[in-house]
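Please look through the sequence and the model shown here before reading on. The explanation moves from the overall fold to single residues.

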Amino acid sequence: MAKKCVDYGQRVQNSVFECMLDAAQFKKLQLELESMIDKKTDSLRFYNLGDNYKSKVRHVGAKASYDMGDTLIL
């Protein structure tokens, strides 16, 4: 999974990657990563930064997402 993410961007922490993607690249990466995980035990989060970021968080998998109305420190 990390190798796939590095193909699209850079590692900033052990399980955190920054990627500058257009819409098509983002969708392709999402589909590739989602096909690699076990949704019963694994968890993925995609954060689109910028205006209206609260509506741009996508969670896939086991662990519930955070309440974006609360304070979130990355």
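This is a predicted model: local features need pLDDT of at least 70, side-chain atom pairs count only at pLDDT 80 or more; totals for chains, interfaces and linings use all residues.

Residues are numbered from 1 along each chain as its sequence is written, and side-chain values use heavy atoms, with hydrogens and water left out.

The protein contains two helices and four strands, where helices (H or I, at least four residues) and strands (E, at least two) are DSSP runs numbered from the N terminus. Their order from the N terminus on is α-β-β-α-β-β. Of the 74 residues in the protein, 15% are buried; buried means under 20% relative accessible area, exposed over 50%, and partly exposed in between, with a 1.4 Å probe and protein chains only. The accessible surface is about 5,900 Å², and carbon and sulfur atoms hold 50% of that surface; such areas come from the Shrake-Rupley method with a 1.4 Å probe, and for residues only the protein chains shown count as cover.

Strand S1 (residues 9-13) pairs with S2 in the antiparallel sense over four bridges; two strands pair if DSSP finds at least two bridges between them. A hairpin of two residues joins S1 to S2. Within this pairing, Arg11 has Phe17 in S2 as its bridge partner.

Is Met20 buried or exposed? Met20 counts as exposed because its relative accessibility is 80%. Beyond its neighbours within four places in sequence, Met20 is in contact with Tyr8 and Gln25, contact meaning heavy atoms within 4.5 Å. Tyr8 lies twelve residues from Met20 along the chain, and their C-alpha atoms are separated by 7.6 Å.

At the start of H2, a side-chain oxygen of Asp22 comes to within 3.1 Å of the backbone nitrogen of Ala24. The 14 residues of H2 should span 20 Å at 1.5 Å a residue, and the end C-alpha atoms are 20 Å apart, which agrees; the expected span is 1.5 Å times one less than the number of residues. Leu29, Gln30, Leu33 and Glu34 are buried in H2. Seen down the helix axis, the buried residues of H2 fall within an arc of 125°, so they line one face; the arc is that of the directions from the axis to the C-beta atoms. On the face of H2 turned away from its buried side are the exposed residues Ala24 and Ser35.

Methods. A polar contact is a pair of N or O atoms within 3.5 Å; within protein, one must be able to donate a hydrogen and the other to accept it, and residues adjacent in sequence count only if both atoms are side-chain atoms.
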